[in-house]
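Here is a walk through one protein model, starting with its pockets and ending at a few loop residues. Keep the structure open as you read.

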Amino acid sequence: MHIAFLLYDKMTCLDLTGPHEVLARLPGATAHRVARVAGPITTDLGMTLYAEVALADLPAPDLLVVPGASDIEAACDDATLAWLRGAHASATWTMSVCTGSLILARAGLLNGKRATTHWAAMDQLKALGAEPVAKRVVRDGNILTTAGVSAGIDGALTLTAELMGPTVAQALQLGIEYDPDPPFDAGSPAKAPPDLVERVRAGMARDAAA
C-alpha cells in the first residue's frame, strides 16, 4: 500500500507528522512524502521537511493524506490541484487534516459532501461547496476529513480501523501512547471561554493576513 503525504510550503507540521506517525506503521505500507517539486519544504513555523518524491512520480497512490495550513495557497496551484484529483480517483481513501479540507474543496472533491475542518475555517469550507459538520472526524464515502491539527491522529486511527480493523488501530494507539489528558478543557470553541475564542480567532486572522 502506497501512502502519499502531500507537502507544501507554509504547511502545519503536526498536520503531517501526527497521521504519519500512525499510518506509516501500517503493515505493508510505504509512506511517500510528495510535493510539486521534490526537495525541502519550510513549514509555517520554520521547520524544514523534505519531500523525496515529486507529484508526477506518484500519480496513483493507494491512500492520500492532505495536511492543512494557515495559508493553503502554496498547495492550490493548477498542477497540484490536478494531481489531487487524479490521486483521489485512484486512492482507496483520501484524508485531510485541518484546513487540508479546503485544499480538497479547491480541487472540487468536496462538492455537496459532508466534511470538517478547523473551527475557524468552517465558513470557508461552506463557501467552497462542502457541507460543514462540527465533528472531530467526518467520513463521506471514501473521503475522511478531520478538525484542527491534533485531530489528524484521530483521523489516522479511524482510517486504520477501516483498513485493518479495530485491533490494529488500538495496537497503534497504544504503541504511540495516544492517551490525551490535556491540562485545560479549552480545545474547542464550544468549551473555551467566549473571550478566548475571539482572541484566538483575531490572532489567526492577523496571521493569515501577514
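## The largest pocket

The largest pocket holds about 730 Å³ of space. Before going further: this is a predicted model, where local features need pLDDT of at least 70 and side-chain atom pairs count only at pLDDT 80 or more, while totals for chains, interfaces and linings use all residues. Residues are numbered from 1 along each chain as its sequence is written, and side-chain values use heavy atoms, with hydrogens and water left out.

A pocket here is an open set of points on a 1 Å grid over the protein atoms alone, where a 1.4 Å probe fits, with protein on both sides within 12 Å along at least five of seven lines; lining residues have an atom within 4 Å of a point. Points are joined across faces, edges and corners, and the volume is the space filled by probe spheres set on them.

So what lines this one? There are 26 lining residues, with Arg136, Ala147, Ser150, Gly187 and Ser188 nearest the centre. Helix 5 (151–164) and helix 7 (194–209) each supply at least two of the lining residues; helices (H or I, at least four residues) and strands (E, at least two) are DSSP runs numbered from the N terminus. By class, the lining splits into 14 nonpolar, seven polar and five charged residues. Nonpolar covers Ala, Val, Leu, Ile, Met, Phe, Trp, Tyr, Cys and Pro, charged covers Asp, Glu, Lys and Arg, and the others, Gly among them, are polar.

## The second largest pocket

The second largest pocket has about 440 Å³ of space. Its lining has 22 residues, and Ala69, Ser70, Thr99, Gln124 and Met204 lie nearest the centre. Helix 3 (100–106) and helix 7 are the elements giving two or more residues to this lining, with helix 7 giving the most, at five.

Buried means under 20% relative accessible area, exposed over 50%, and partly exposed in between (1.4 Å probe, protein chains only).

Take Leu23: beyond its neighbours within four places in sequence, its contacts (heavy atoms within 4.5 Å) include Ile3, Phe5, Leu63, Met95 and Leu159. Helix 1 (residues 13–23) has eight of its eleven residues buried, so it is largely enclosed by the rest of the structure. Among those buried residues are Cys13, Asp15, His20 and Leu23.

## Cysteines

## Loop residues

Lys10 sits in the loop between strand 1 (2–6) and helix 1, and its phi is near 75°, a positive value in a residue other than glycine. Lys10 is partly exposed, at 47%. Glu177, in the loop between helix 6 (166–175) and helix 7, also has a positive phi, near 50°, and is exposed at 67%.

Ala56 lies in the loop between strand 5 (53–54) and strand 6 (63–66) and is exposed, at 69%. The C-alpha atoms of Ala56 and Arg36 are 7.6 Å apart, although the two are 20 residues apart along the chain.
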